[in-house]
Amino acid sequence: MQDKILDFLKKKNEYVSGEEISQHLGISRQALWKHIQDLRDTGYDIVAVPHLGYRLIMCPDRLLPYELTHGLETKIIGRKIYYFERVSSTMDVAMQLGNQNVPEGTLVVAESQTKGRGRLGRSWTSPKYKGIYLSLILKPDILPACAPVLTLMAAVSICEGISRISGIEPQIKWPNDILIHNKKVGGILTELEAELDAISFVIIGIGLNVNNESNELPREATSLKEAKKNLSARQENINRIELLKEILRKIEDNYLILLKKSSSPILEKWRSYNITLGRRVEVVCHRQHFGGEAMDIDTDGGLLVRRDSGIIEKFMAGDIVHIR
Ligand code: BT5
């Protein structure tokens with residue numbers, strides 16, 4: 001019902017009498033008042049003026065399911081959203097939900113994480129209301145060995161979303177870093193639940209620094225707000241709701257391309273955002289170090305590196321250091 005009240009107030013965009021809203025939605029004036037109070041408690045600024053009625057002045061800067069689904073227009077991604085003010089890690093919640101067989105595209109979003117995590121047990125700094133922390137459940141009909149391409153698909157979608165909403169052009173460092181001017185603004189964590197030859201579900205975890213000040217972030221990190229400040233000396237916050245919606249739309253577009261066609265269109269876009277290919281890199285994989293030149297990306301998302309011996313080797317996971 002609160003969704004419907006908000007829809008009505010948003011559509012009118014002026015004062016609407018309590019009587020008109022109550023009649024339109026078939027509820028009593030008292031029930032309407034109670035819902036308005038609850039919406040105010042959630043952070044919606046709704047004024048009530050005698051003889052004029054109610055008017056929605058401002059929506060809160062919260063990644064609320066209603067705000068995210070409003071005008072989202074996706075078919076799969078984010079049709080079902082679980083929202084938390086605070087959670088240990090959205091990955092843990094998504095893993096539980098995945099095992100309960102929730103529909104594909106189910107999204108877990110949190111305003112903060114107490115144990116946000118990166119790969120190999122690293123942590124992800126997740127201060128409240130500043131970033132985007134999400135886990136998305138997908139059920140692609142692809143071989144588990146090809147799952148790394150989903151990380152690339154997510155990276156491309158994040159870059160497209162950021163570029164569309166903020167005008168900033170981020171870059172991708174293989175396999176999962178989103179950078180702006182060589183500082184990390186976002187990361188992707190892909191976890192699998194699979195048999196040897198079939199994926200049961202994949203969880204794509206995304207952490208993105210949006211409105212953080214630099215002192216709230218690790219030293220080598222930045223946020224979209226910081227990057228924007230450098231561009232225009234303006235201090236405005238970026239609208240997290242619009243940004244997240246755009247990223248979800250891009251994920252849906254790119255995911256469908258991946259499933260219906262092939263990975264090539266995604267890889268093509270990935271190449272245009274990447275800053276790894278063509279560089280001298282050091283790959284750290286299973287505690288071993290390999291030096292070489294990053295040649296290309298394979299159809300399954302693996303990084304092709306030409307070792308100094310001339311042999312080309314493929315890495316499906318690992319960390320890389322750009323040497324030059
Ligand atoms: C990643 O790991 O970059 C994947 C991060 C995924 C986080 C999301 S948030 C929603 C979902 N729920 C979770 O619990 N996780 C996912 P990795 O490549 O291992 O990088 C981790 C490293 O990035 C850390 O060791 C720090 O050096 C750095 N780091 C930590 N927090 C950061 C932040 N907020 N911004 C930039 N860098 C950060």
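Which helices and strands each supply at least two residues of the shell around the ligand? They are α5 (90-99), β5 (131-138), β8 (183-194) and β9 (199-209). The model is predicted. This briefing starts with the ligand, then turns to aromatic rings and to selected residues.

**The ligand shell**

- The ligand is surrounded by 27 residues. Ser89, Arg117, Arg122, Lys184 and Asn209 are the closest.
- Strand β8 gives the largest share of this shell, with four residues.
- Sorted by class, the shell holds twelve polar, ten nonpolar and five charged residues.

- On its own, the ligand has 790 Å² of accessible area, and the protein covers 89% of it.

**Aromatic pairs**

- There are two aromatic pairs in the structure.
- One of them joins Phe290 and Phe315. The ring centres are 5.3 Å apart, and the planes make an angle of 50°. The pair is tilted, because an angle over 60 degrees would count as edge-to-face and one under 30 as stacked.
- Phe290 belongs to strand β11 (residues 288-297), and Phe315 belongs to strand β13 (residues 312-315). The pair therefore ties together parts that are 25 residues apart in sequence.
- Phe290 and Phe315 are both buried.

**Charges over rings**

- Arg62 sits over the face of Tyr129, 3.4 Å from the ring centre.
- Lys80 sits over the face of Tyr82, 5.2 Å from the ring centre.

**Ser166: buried or exposed?**

- Ser166 counts as buried, because its relative accessibility is 8% and the cut-off for buried is under 20%.
- Ser166 is part of helix α6 (residues 148-166).
- Its side chain makes contacts with backbone atoms. The side chain of Ser166 reaches the backbone oxygen of Ile162 at 2.7 Å. The side chain of Ser166 also reaches the backbone nitrogen of Ile168, at 3.1 Å.

**Ser123: buried or exposed?**

- Ser123 counts as exposed, because its relative accessibility is 63% and the cut-off for exposed is over 50%.
- The loop between β4 (107-110) and β5 holds Ser123.
- From Ser123 to Ile312 the separation is 189 residues in sequence. In space, the two are 32 Å apart, C-alpha to C-alpha.

**Arg240: which side chain does it contact?**

- The side chain of Arg240 is joined to that of Glu111 by a polar contact of 2.9 Å.
- Arg240 is in helix α8 (residues 240-260).
- Arg240 is buried, because its relative accessible area is 0%.

**What to look at in the structure**

- For the ligand, start with strand β8, which supplies four residues of the shell.

How values were computed. Residues are numbered from 1 along each chain as its sequence is written. This is a predicted model: local features need pLDDT of at least 70, side-chain atom pairs count only at pLDDT 80 or more; totals for chains, interfaces and linings use all residues. Side-chain values use heavy atoms; hydrogens and water are left out. Rings of Phe, Tyr and Trp (its six-membered ring) pair if their centres lie within 6.5 Å; planes under 30 degrees apart count as stacked, over 60 as edge-to-face and the rest as tilted. Buried means under 20% relative accessible area, exposed over 50%, partly exposed in between (1.4 Å probe, protein chains only). A charge sits over a ring if NZ of Lys or CZ of Arg is within 6 Å of the ring centre and within 35 degrees of the ring normal. A residue is near a molecule or strand if one of its heavy atoms lies within 4 Å of it. Accessible areas come from the Shrake-Rupley method with a 1.4 Å probe; for residues, only the protein chains shown count as cover. Ala, Val, Leu, Ile, Met, Phe, Trp, Tyr, Cys and Pro count as nonpolar, Asp, Glu, Lys and Arg as charged, and the others, Gly among them, as polar. A polar contact is a pair of N or O atoms within 3.5 Å; within protein, one must be able to donate a hydrogen and the other to accept it, and residues adjacent in sequence count only if both atoms are side-chain atoms.
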